[in-house]
Amino acid sequence: MTDPRATSDPTADLRAYLDSSPSPFHAVAEAARRLDEAGFVEADEVAAWSPAPRGYVRRGGALVAWRHPGSADATAPMRIVGAHTDSPGLRIKPRPDTGQLGWKQLAVEVYGGVLLNSWLDRDLGVAGRLVHSDGSVIDVVRRDALARVPQLAIHLDRDVNERGLVLDKQQHLSPVWGSGTPRDGELAELLGVVDAASWTLCLYDLTPAAVLGGDRSLLASGRLDNLVSCWAALDALVGADDGDERDGHVSVIALFDHEEVGSESTTGAAGPILETIVERLVLARGGGREELLRALAASTCISADNAHAVHPNYPERHEPGHRPIVNRGPALKVNSNQRYATSAETAALFARCCDVAGVPMQTFVSRNNMPCGSTIGPITATRLGIATVDVGVPQLSMHSARELCGVEDPVSLARALRAYLSGA
């Protein structure tokens with residue numbers, strides 16, 4: 001992985017990761033490729049384990065990777081960074097070929113909390129995973145413009161600008177992707193795998209990630225939430241120092257799937273994937289249940305998921321004293337009602353990591369009359385009993401097909417996470 005600090009364009013490597021990751025499966029595949037290049041070894045969950053000091057596991061759209069010094073024993077504490085690979089969007093239904101009145105259309109299902117209007121009038125590609133009847137899988141991506149969700153002309157919706165756009169998820173979001181009469185199997189034929197038994201396919205905006213602004217200080221892309229954090233976690237794990245051998249902690253990153261729909265799956269943070277891998281790492285080092293519980297009690301987690309930057313057109317939507325500004329560092333996310341897992345102790349931990357890394361830090365708290373979302377942080381803390389802090393890069397247009405953040409904040413987050421995994 002290219003060190004973003006060694007180039008005049010600090011977002012070049014991040015933009016390459018974003019463009020290579022149009023679906024959770026591709027985000028994991030690109031992460032695995034980068035880990036392979038850095039000397040990490042993929043482990044098989046089905047086989048008996050004797051895991052390498054640097055290794056990783058892939059499961060669908062999720063990946064867990066680790067590294068530890070040779071001195072790490074079975075009770076060694078873990079320093080964990082959590083993020084998620086999925087983003088809100090449009091998923092193609094199992095029987096996609098639909099349409100009427102001379103239009104071929106695709107049947108889609110809304111995935112997560114989508115800003116629906118942001119998907120209108122965009123050139124869309126298709127990416128995801130196909131599964132054959134024998135269980136074999138193939139990840140596919142079409143980078144040509146295949147589909148588009150056309151908006152109704154203003155001549156046919158005269159008061160749309162005054163009334164506001166209202167979209168019915170079932171009626172108004174089926175993309176057009178051709179003219180003529182719909183025919184069953186046409187999408188499968190186009191993807192070149194006509195014998196696929198099932199699939200998980202995403203539509204995605206074809207526009208590449210781009211630096212913008214007169215001062216080139218902003219980054220626009222699809223899936224910033226939360227591939228920015230996945231990239232920063234990868235950069236941190238690959239580049240972290242093993243630290244003081246006497247510390248002997250185990251560094252872990254967990255890139256979960258399905259956060260945007262509640263995390264309750266075999267690859268989500270509410271599922272057992274991190275818990276089982278952590279336990280197997282302890283068992284492989286000669287420990288048992290006692291050693292696992294001791295290790296968990298001494299462990300910490302940074303949950304990295306993007307935060308809301310203050311919006312210049314809607315400043316009243318933000319808590320006046322806690323409004324993150326782009327390019328002023330990652331935001332510490334605090335919520336007394338435990339929508340975020342940050343405590344006073346873990347806040348101090350992240351502040352120390354930022355100080356060691358030489359990066360600024362901000363604090364985000366939502367308004368009392370505007371409840372915030374949640375993250376994998378409280379889920380991980382609840383499942384494993386690990387002291388956790390929630391942080392994230394400030395951004396605008398969260399859950400849009402195309403989002404916006406500062407160019408400096410992702411690199412600052414990566415530096416802070418690298419300091420954390422190095423033992424700060």
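The notes below take the sheet and then the cavities.

This is a predicted model, in which local features need pLDDT of at least 70 and side-chain atom pairs count only at pLDDT 80 or more, while totals for chains, interfaces and linings use all residues. Residues are numbered from 1 along each chain as its sequence is written, and side-chain values use heavy atoms, with hydrogens and water left out.

**The sheet**

- Five strands form an open sheet with mixed pairing, in the order 11-12-20-19-15; strands (E, at least two residues) and helices (H or I, at least four) are DSSP runs numbered from the N terminus, and two strands pair if DSSP finds at least two bridges between them.
- Strand 11 (210–212) and strand 15 (307–308) stand at the edges, and because each has a single partner strand, one side of each is left without a neighbour in the sheet.
- Strand 11 runs antiparallel to strand 12 (residues 218–221), to which 3 bridges join it, and V211 has L219 of strand 12 as its bridge partner.
- Helix 1 (residues 12–19) packs on the sheet, where it touches strand 11 and strand 12, and its direction makes about 10° with that of strand 12; contact means heavy atoms within 4.5 Å, and the axes are lines fitted to C-alpha atoms, for helices over the stretch in contact, with angles from 0 to 180 degrees between N-to-C directions.

**The largest cavity**

- The structure holds 2 cavities of 30 Å³ or more, a cavity being a set of points, on a 1 Å grid over the protein atoms alone, where a 1.4 Å probe fits but cannot get out, with lining residues having an atom within 4 Å of a point.
- Strand 10 (196–205), strand 5 (89–98), helix 2 (24–37) and helix 5 (224–239) each supply at least two lining residues, and the largest share, 4 residues, comes from strand 10.
- By class, this lining has 11 nonpolar, 7 polar and 5 charged residues, where Ala, Val, Leu, Ile, Met, Phe, Trp, Tyr, Cys and Pro count as nonpolar, Asp, Glu, Lys and Arg as charged, and the others, Gly among them, as polar.

**The second largest cavity**

- About 40 Å³ of space lies in the second largest cavity, which is lined by F256, A269, G271, L274, E275, T380, R383 and L384.
- Helix 9 (376–384) gives the largest share of this lining, 3 residues.

How values were computed. 1 Å grid on protein atoms, 1.4 Å probe; cavity = no way out; pocket = protein on both sides within 12 Å on 5 of 7 lines; lining within 4 Å. Points joined across faces, edges and corners; volume = space filled by probe spheres on them.
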